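Dear colleague,

Please find the structure below for your records. My notes on it follow.

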Amino acid sequence: MTFGLSNLIFLLALGTAIFFFARSVGKIRRNIFLGKPINRSDNKSDRWKNMGLVAMGQSKMVAKPIAGFFHIVIYVGFILINIEVLEILIDGIFGTHRVLASPLGGIYTTAINFFEILAVLVIVACVVFLWRRNVQRISRFHKDEMKGWPTKDANYILVIEIVLMFALIGMNATEANMENAKAGPFIVSNLFAPLFSPLSQEGLHMAERIFWWGHILGIFAFLNYLPYSKHFHIILAFPNTWYANLNAKGQLANNETVTKEVKLMLDPNADPYATPAEDQGAPERFGAKDVMDLKWVNIMNAYACTECGRCTSECPANQTGKKLSPRKIMMDVRDRVEIVGKNIDANKGQFVDDGKSLLDDHITREELWACTTCNACVQACPVEIDPLSIIMQMRQYLVMEESSAAQELNLMMSNIENNGAPWQFAQADRANWADDMGAN
Amino acid sequence: MKIPSMAELMAQGKQPEVLFWVGCAGSFDDRAKKITKAFAKTLLKAGVDFAILGKEESCTGDPAKRAGNEFLFQMQAMSNIEVLNAYEVKKIVTTCPHCFNTLKNEYPELGGNYEVMHHTQYLRELLESGKLKIEGGKLKGKRITFHDPCYLGRANGEYEAPRKLIETIEAEFVEMRRCKSQGLCCGAGGAQMFKEPEKGNKDINIERTEEALETQPEIIAAACPFCNTMMSDGIKNKEKEGSIKVMDLAELIEMAGDL
């Protein structure tokens, strides 16, 4: 063990990476809780089960078998290969080199061999994904909302993962060529070892260090890329499934604010002229116009979205050429809440009205009215994001605050109000069908 | 054949076992009324002790809620709940998946707690308990495909009951490409039934009808009055109404059993 300059640099890099990552996560957390409260902490055992099945078990990923299979490869690879990162961290902090090699002996070589095989599988999976996006050009990756940054983001992530895996293999390949190799040879990197055999021992050590530093600094950088990327789903998939809606999909949330009002209206003892209690504050807005009107779970959903587009490819409105794309709804919520967050940062913790809102500036009315509430998007999402909940809250704002539904819908609603049916038939005629039962 | 109402039974001091919630489409839409009658006939044949609310029934509020008018929805819900609770209703069966979903899932929070069944579930129970007997009959061997209503399938996870009914009538059942949890909406849900669709390159019901036609069916089975309308319109659009029928499962059961 030698403690020197490189340890200091490592600690500095580690500290910086953790500091900035924590800061970014803190901001996302703050942004999520700009949303209104909703209780999603009931039925804890069901929630753990759901998270185990859907996030850890990837149960919904396999609905698309090819993407599902390769995603599981990357997911398992990511989790297991990171065990090796533990060793890298220890080595980096204490100035050791492959600290686990001697104590673990044969197990160490077996483990590294296993990681190497995983690394190759991860590379294959990433190449397959790059192929599907850029060569095969699967349509759900190329809808309008994917133009520009979202497409680049996806490709950056896949390329970074490939580079990190190669750094790992390079690290092992150079190690195996050393005279005083701590471990090896290894099953995959041995194939690359001849590439480095012309190097002197000194050169090998240097190359090994480059791969080692490249790998760990790459991981630190990637960690800090996550909060700015759709790739943040690797973290939020877990809470997102834990806090998911466990009720029947058809059950749309009850709007409590409205319940209060309706109960008051129906209560024969209520005094309509009563002055409201003083601590009530401004009456709550019905439905959602901006991100702050949504529930915090809706905003977490937006940060958990990795823009895979399964929702959009299942959406009947989108499939028939309408503007609605459930994925875009999620991306818009995230974009807007990021703007709101930056506004808060710039104004000493207070949001200063910027004259913009989620409605109209991001999500158009046309999109909202195209939804059939069929739940196909909710069903399709591998991490149980609920775009429908957002659409419904925004429709509530449109109808209850702005009275701006389409004329035909207003007619339907006034029919329900006046005669208890969406069409203009008298309620007294409801059982007329029964009169001519014999005639059929 | 007389269909008793809750009010009449109450006057006689009687309480039926189950309330048949007819729904707005089932009460007023000419096509849906046939489904209502077929189901009511079957209930009578099976000797089910049931009643309807008649003129005391009112819209559950589903299209209002889905259009964003939570006020109107809750007003409807609370006054319906008042009626249902006054009759001490315990069990409800309905031929409309939208009524089914709303009564089952959205009324409890507002004080209405009932055992709610969709008519396909109820018919399955009648058949399984032996109260209703059907063997193949008229529809034996007919090529039938089934369109999953969103509010029965994805919304409430019921995919099996309708398929069991088709099995009972010994039809040649063929699934569409997108079925069960991946079934494609007919385009009517979320209050779309009552408005023009947004601009696009196709109507959703046409997309779904084309998919149904790929299975070369003689009958497209539906289990929702709105899906029925949408698919019937699709079939008319494709000028196939002469050779292909869109029929509710209640009608198929009635036909097969010659009830």
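**A helix pair in chain A**

Helix α6 (residues 149-177) and helix α8 (residues 201-225) of chain A have axes that come within 8 Å and cross at roughly 155°. The axes are lines fitted to C-alpha atoms over the stretch in contact, with angles from 0 to 180 degrees between N-to-C directions; helices (H or I, at least four residues) are DSSP runs numbered from the N terminus. α6(A) and α8(A) are therefore roughly antiparallel to each other (angles over 145 degrees). Among the residues that meet are A:Ile160, A:Val163 and A:Leu164 in α6(A), and A:Leu204, A:Phe211 and A:Trp212 in α8(A); contact requires C-beta atoms, placed from the backbone, within 7 Å.

This is a predicted model, in which local features need pLDDT of at least 70 and side-chain atom pairs count only at pLDDT 80 or more, while totals for chains, interfaces and linings use all residues. Residues are numbered from 1 along each chain as its sequence is written, with chains lettered from A and ligands numbered from 1 in the order in which they are written.

**Helix α11 of chain B**

Eight of the nine residues of α11(B) (residues 249-257) are buried, so the helix is largely enclosed by the rest of the structure. Buried means that 20 or more other C-beta atoms lie within 10 Å of the residue's own. The cover includes α3 (30-45) and α7 (119-128) of chain B. Just after α11(B), B:Asp258 has a positive phi of about 50°.

**Interface**

In chain A, 56 residues are in contact with 58 residues of chain B. α19(A) gives the most to the side of chain A that touches chain B, with six residues.

Yours sincerely

How values were computed: Helices (H or I, at least four residues) and strands (E, at least two) are DSSP runs, numbered from the N terminus. Angles under 35 degrees count as roughly parallel, over 145 as roughly antiparallel, 65 to 115 as roughly perpendicular and the rest as oblique. Two residues are in contact if their C-beta atoms, placed from the backbone, lie within 7 Å. A residue is buried if 20 or more other C-beta atoms lie within 10 Å of its own, exposed if 12 or fewer, and partly exposed in between; C-beta atoms are placed from the backbone.
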